[in-house]
Amino acid sequence: MSLQFYSDGRFKHFLSLEDVPAPALEHLLQSAQALRADAMGGTALRQLLQGKSVCNLFFENSTRTRSSFLLAAQRLGADVFTFDASTSSGKKGETDIDTLKNLEAMGVNAFVIRHSENGAVEKLAQAANPGTCVINAGDGRHQHPTQGLLDMLSIRQMKGNDFSKLKILIAGDIKHSRVARSDLNALRTLNTGEIRVCGPASLLPTDGTIEGCSRFEDFDQAIKDVDVVMMLRLQRERMEEGLVASLDSYFQDYGLTQTRLALAKRDAIVMHPGPMNRGVEIADAVADGPQSIILPQVSNGVAVRMAVLKALLA
Ligand code: CP
């Protein structure tokens with residue numbers, strides 16, 4: 001039995017893009033696009049989730065995901081609050097499941113959960129009562145499904161709905177990236193023409209994640225003639241783990257500069273899920289340049305999260 005879907009195909013939880021069929025993905029993207037005006041401050045939908053309670057249960061830090069879920073729930077009229085793990089009774093040893101069950105006992109209808117462990121959000125979804133919804137806001141290096149959705153919506157807005165003609169490059173630390181995993185799931189479902197992945201061998205996964213993708217270790221080769229460049233954050237601990245020699249050498253080989261971007265198509269767009277390490281994986285001039293859609297991605301995050309809350313709770 002699927003943890004994510006009811007037998008009639010409706011979402012029970014929103015945990016992963018891995019098994020979301022094309023029609024369900026399409027429905028969420030269309031819904032998010034339609035919600036954009038309300039996402040950016042409209043008031044038409046303030047009644048939709050009236051009487052529902054949403055808890056932002058973040059066991060790991062976040063700026064974009066946490067804030068945009070908060071705004072999304074508010075703009076749909078739900079009661080929403082953020083659980084602060086750093087001052088909670090989790091510090092006294094209370095388990096994550098007990099934490100969820102206690103908040104559920106207060107009448108929470110949906111939990112938006114971020115956790116540092118792969119699969120932790122699924123375990124919490126299994127522990128939730130029937131009818132309580134769990135949304136994965138990023139777990140370990142496993143999945144970040146709402147980021148995947150907002151990335152797809154952002155590409156569609158710039159390049160149209162037909163991905164079969166597109167060459168899309170994901171570059172950087174793919175091995176440790178939950179964003180890359182969700183993006184790859186969605187790009188395959190949307191029938192992308194060519195998916196390229198690029199990074200040093202130490203940061204490219206060997207577990208089947210990049211199966212079917214064109215694999216590059218040379219960034220200048222990988223970026224040639226692509227329509228979309230999706231950059232990923234390099235976590236600084238990768239240097240301590242010896243997976244990259246130095247941040248300077250990483251920027252030299254895998255940093256997106258204006259010179260490198262000139263090798264892509266003239267109208268190529270640049271994406272990054274944030275938070276960015278400026279001067280490590282991306283140069284300021286590119287991050288803030290005319291081809292960057294990094295801030296529009298963030299705006300789309302509110303609409304996408306409204307669409308997901310609506311699909312689960314409305
Ligand atoms: N893209 C993303 O997940 O950002 P946050 O960690 O700030 O939520």
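A residue counts as buried when its relative accessible area is under 20%, as exposed when over 50%, and as partly exposed in between, using a 1.4 Å probe and the protein chains only. By that rule asparagine 136 is buried, with a relative accessible area of 1%.

This is a predicted model, in which local features need pLDDT of at least 70 and side-chain atom pairs count only at pLDDT 80 or more, while totals for chains, interfaces and linings use all residues. Residues are numbered from 1 along each chain as its sequence is written, and side-chain values use heavy atoms, with hydrogens and water left out.

Strands (E, at least two residues) and helices (H or I, at least four) are DSSP runs, numbered from the N terminus. What does the side chain of asparagine 136 reach? It reaches the backbone nitrogen of glycine 138 at 2.7 Å. Such a polar contact is a pair of N or O atoms within 3.5 Å; within protein, one must be able to donate a hydrogen and the other to accept it, and residues adjacent in sequence count only if both atoms are side-chain atoms.

Threonine 192 lies in the loop between H6 and S6 and counts as buried at 12% relative accessibility. A polar atom of the side chain of threonine 192 lies 2.7 Å from the backbone oxygen of leucine 187.

**Around the ligand**

Now to the ligand. Its surroundings are Ser62, Thr63, Arg64, Thr65, Arg114, His144, Gln147, Pro273 and Gly274, where a residue is near a molecule if one of its heavy atoms lies within 4 Å of it. This shell divides into one nonpolar, six polar and two charged residues. Here Ala, Val, Leu, Ile, Met, Phe, Trp, Tyr, Cys and Pro count as nonpolar, Asp, Glu, Lys and Arg as charged, and the others, Gly among them, as polar.

| Protein atom | Ligand atom | Distance |
|---|---|---|
| Polar side-chain atom of arginine 114 | oxygen | 2.8 Å |
| Backbone N or O atom of proline 273 | nitrogen | 2.8 Å |
| Backbone N or O atom of glycine 274 | nitrogen | 3.3 Å |

The protein covers 92% of the 260 Å² of accessible area that the ligand has on its own; accessible areas come from the Shrake-Rupley method with a 1.4 Å probe.

Most residues other than glycine have a negative phi, and most peptide bonds are trans. Glycine 274 takes part in an exception: the peptide bond from glycine 274 to proline 275 is cis, with omega near -5°. Proline 275 lies in the loop between strand S9 (269-271) and helix H11 (284-287).

Which value does phi of asparagine 191 take? It is near 65°, a positive value in a residue other than glycine. Asparagine 191 lies in the loop between helix H6 (178-189) and strand S6 (194-198), and counts as exposed because its relative accessibility is 52%.

Aspartate 225 also has a positive phi, near 65°. The loop that holds aspartate 225 runs between helix H7 (219-222) and strand S8 (228-231). At 43% relative accessibility, aspartate 225 counts as partly exposed.

**One more exposed residue**

Aspartate 248 has its place in helix H9 (residues 247-254). Is aspartate 248 buried or exposed? Its relative accessibility is 64%, so aspartate 248 counts as exposed. The C-alpha atoms of aspartate 248 and glutamate 281 are separated by 9.8 Å, with the two residues 33 apart along the chain.
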